[in-house]
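Dear colleague,

I am passing a structure on to you, together with some notes on what turned up in it. Please look through it before reading further.

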Amino acid sequence: MTTTPYQQQGAYPQGAYNSPIPVRAAHLGDALASEWTKIRSVRSTMWTLGVMIVLMVGIGLLSALAVSSAEPELGEESVLSLGFFGVLLGSICVITLGVLTIASEYGTGMIRTTLTACPSRARVLTAKAIVFFLLVFVTTTVVAAIVGAMQTAIVDAGVSTGEDWFRATVGVGLFVALLGLLSLAVGALIRHSAGAITIMIGVVLLPLVLALFMYAESLRSVQDFLLEYSIPSQLGVLYDTPVTTKGPSGWEPLWIMLGVSVVAMAGAYLALDRRDV
């Protein structure tokens, strides 16, 4: 019987296979690269952020043109407050993208592939949160700054200080990004895109709508609380246009949103680690 060269030389591998390609342990950077590839290659990112930009720019410019044609007397009020409505409507797009960033993977079953490639569930959620947060923060901040500059050029009235600009750009960008992070956490907890989006839209709009219809004197304290702490009201505080004279002021809405988002993300980490996919 003839023997092969491998048999003659005793070249059959013994034990584990040693790849000629350098092998190293995966880390957070790999998960970040994977999530960045995902979020920039799906259509939902282009559509949601694209619509958000259109809303912010379109509504911001229309508001500025309407105010300018009316020859306003803004006095000490900042013209940057005209960007409020565009950001408020644009935040719905951020909520949608935040939920889809993770819930869509449960709907398609892609989450199984993701967790097979990266068994560390905490690392997966951390990478998703970092990539999504930075993308939304940069986009919102840049667009808010551009809209603010256009509004200032159109409306030759009002006074905008450095603090006004910082809150209306960086502050608003952080607030919207944290709201999106809250949506991502709800998506991880609910694991259903439509259900999580509906819940988040209710969280944003329902408190303010309920407060507007609370006429009974016995509900006055509840009405005040909803008016002061609803998300539209807190966003208005960053534009220095609060709904009420009480409640959060300055940078307080940002700290409130940060606290709520941290609690929700902690629940998402716990649910992702304890529940099966």
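The notes below cover the salt bridges, the cysteines and the pockets.

This is a predicted model, in which local features need pLDDT of at least 70 and side-chain atom pairs count only at pLDDT 80 or more, while totals for chains, interfaces and linings use all residues. Residues are numbered from 1 along each chain as its sequence is written, and side-chain values use heavy atoms, with hydrogens and water left out.

A search of the whole structure gives 6 salt bridges (a side-chain nitrogen of Lys or Arg within 4 Å of a carboxyl oxygen of Asp or Glu). One of them joins Lys128 to Glu35, at 3.0 Å from N to O, and this pair links distant parts of the chain, since Lys128 is in helix α6 and Glu35 in helix α2, 93 residues apart (helices are DSSP runs of H or I with at least four residues, numbered from the N terminus). Lys128 counts as buried at 2% relative accessibility, as does Glu35 at 6%, where buried means under 20% relative accessible area with a 1.4 Å probe and protein chains only.

Lys38 and Glu105 form a salt bridge at 3.2 Å, N to O; Lys38 lies in helix α2 and Glu105 in helix α4, so the pair ties together parts 67 residues apart in sequence. Glu35, Lys38, Glu105 and Lys128 are linked in a network of salt bridges.

Cys93 is buried, with a relative accessible area of 11%, and Cys118 is buried at 12%.

A pocket here is an open set of points on a 1 Å grid over the protein atoms alone, where a 1.4 Å probe fits, with protein on both sides within 12 Å along at least five of seven lines, and lining residues have an atom within 4 Å of a point. Helix α4 gives the most to this lining, with 5 residues.

The second largest pocket is lined by 13 residues, including Leu182, Val203 and Ile231, and its largest share, 4 residues, comes from α8.

With best wishes

Note on methods:
Helix = DSSP H or I, 4+ residues; strand = E, 2+ residues; numbered from the N terminus. Buried < 20%, exposed > 50% of the residue type's maximum accessible area, 1.4 Å probe, protein only.
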